[in-house]
Amino acid sequence: AEKICVAYEGMERFFPKEKIIFTGNPVRKDLLNAVNERVEGIAFYGLNANKKTVLVTGGSLGAGSINKAMVRWLEKIAGWKDVQVIWQCGSYYHKELEEQLKGRMPENVKFMPFLKRMDLAYACADLVVARAGAGTISELCLLGKAVVSGEIEHYLSLGCDHGRLED
């Protein structure tokens with residue numbers, strides 16, 4: 001290859017420095033205005049503007065580890081009076097979770113398979129819980145959002161209690 005486009009600095013340890021072009025990761029154009037769309041996001045998702053909002057997402061298909069953690073924490077989340085949650089469980093998991101949680105979904109949780117307007121979900125989020133994918137990390141850096149992210153499956157397999165959001 002004559003040129004190699006990279007998303008992150010420091011790639012000269014993997015590629016010849018003279019061939020590297022730093023381009024970054026592409027992000028959705030609609031995210032550029034998301035920081036100014038909180039009011040629209042609150043209205044779109046039917047949220048309370050006076051509460052803090054946590055966005056929980058595992059991507060369009062979902063993430064089993066995030067969903068398991070959410071199921072485990074639903075009772076505690078129900079007690080969070082000043083916090084609301086947008087939980088995007090993913091289309092792959094939605095039907096099963098909907099049946100499993102019938103009648104148990106707290107009022108402060110908006111549960112859905114897919115987010116039609118990710119820009120608005122990000123706009124109203126005070127904190128984002130997400131998988132550590134390169135695209136997601138780039139989007140969250142662009143927006144300057146607080147995030148809890150990482151290899152969640154690894155921590156769950158170790159039995160770690162990493163869901164201490166109320167702390």
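## A trio of charged residues

Let's start with a close pair of charges: Asp-119 forms a salt bridge with Arg-117, and their closest N and O atoms are 2.8 Å apart. A salt bridge here is a side-chain nitrogen of Lys or Arg within 4 Å of a carboxyl oxygen of Asp or Glu. This is a predicted model, in which local features need pLDDT of at least 70 and side-chain atom pairs count only at pLDDT 80 or more, while totals for chains, interfaces and linings use all residues. Residues are numbered from 1 along each chain as its sequence is written, and side-chain values use heavy atoms, with hydrogens and water left out.

Arg-117 has another partner too: Glu-40 forms a salt bridge with Arg-117, with the closest N and O atoms 3.9 Å apart. That pair links distant parts of the chain, since Glu-40 is in helix α1 and Arg-117 is in the loop between β5 (109-112) and α4, 77 residues apart. (Helices are DSSP runs of H or I with at least four residues, strands are runs of E with at least two, and both are numbered from the N terminus.) Put together, Glu-40, Arg-117 and Asp-119 are linked in a network of salt bridges.

How covered up are these residues? Asp-119 counts as buried because its relative accessible area is 2%. Arg-117, at 28%, is partly exposed, and so is Glu-40, at 41%. The cut-offs are these: buried means under 20% relative accessible area, exposed means over 50%, and partly exposed is in between, using a 1.4 Å probe and protein chains only.

## A bridge across the chain

How many salt bridges does the structure hold? There are four. One of them joins Glu-139 to Arg-28, with the closest N and O atoms 2.9 Å apart. It's another link between distant parts of the chain: Glu-139 sits in helix α5, Arg-28 sits in the loop between β2 (20-22) and α1 (38-44), and the two are 111 residues apart.

Glu-139 is buried, with a relative accessible area of 9%, whereas Arg-28 is partly exposed at 37%. As a general point, side chains of opposite charge can pair when their charged atoms come close.

Now look at Tyr-122, which lies in helix α4 (residues 118-124). Is Tyr-122 buried or exposed? Tyr-122 counts as buried, because its relative accessibility is 1%. Leaving out residues up to four places away in sequence, Tyr-122 touches Arg-28, Leu-31, Leu-55, Val-128, Thr-136, Glu-139, Leu-140, Leu-143 and Lys-145. Contact means heavy atoms within 4.5 Å. Notice that Arg-28 and Glu-139, the salt-bridge partners, are both on the list of residues that Tyr-122 touches. Tyr-122 and Val-54 are 68 residues apart in sequence, but 9.5 Å apart in space from C-alpha to C-alpha.

Tyr-122 also belongs to the largest nonpolar core, which has 20 residues; those with the most contacts inside it are Tyr-45, Leu-47, Leu-55, Ile-86, Leu-115, Tyr-122 and Val-128. The elements that give two or more residues to this core are α4, β6 (127-131) and α5 (134-143), and the largest share, six residues, comes from α4. A nonpolar core is a set of buried Ala, Val, Leu, Ile, Met, Phe, Trp, Tyr and Cys residues joined through side-chain atoms within 4.5 Å. In soluble globular proteins, nonpolar side chains tend to be buried together.

Leu-115 is worth a look as well: not counting residues up to four places away in sequence, Leu-115 touches Tyr-45, Leu-55, Ile-86, Gln-88 and Ala-121. Apart from this core lies another core, of 19 residues, among them Val-71, Val-83, Val-85 and Val-129.

Which residues of α5 are buried? They are Ser-138, Glu-139, Leu-140 and Leu-143. Leu-142 is in helix α5 too, but Leu-142 is partly exposed, with a relative accessible area of 41%. Just after α5, Gly-144 takes a positive phi of about 65°.

## Cysteines and a histidine

The structure holds zero disulfides, a disulfide being a pair of cysteine sulfur atoms within 2.5 Å. Cys-5 counts as exposed at 54% relative accessibility, and Cys-141 counts as exposed at 59%.

Finally, His-94 lies in helix α3 (residues 94-100) and is buried, with a relative accessible area of 16%. Beyond residues up to four places away in sequence, His-94 touches Cys-89, Phe-111, Met-112 and Pro-113.
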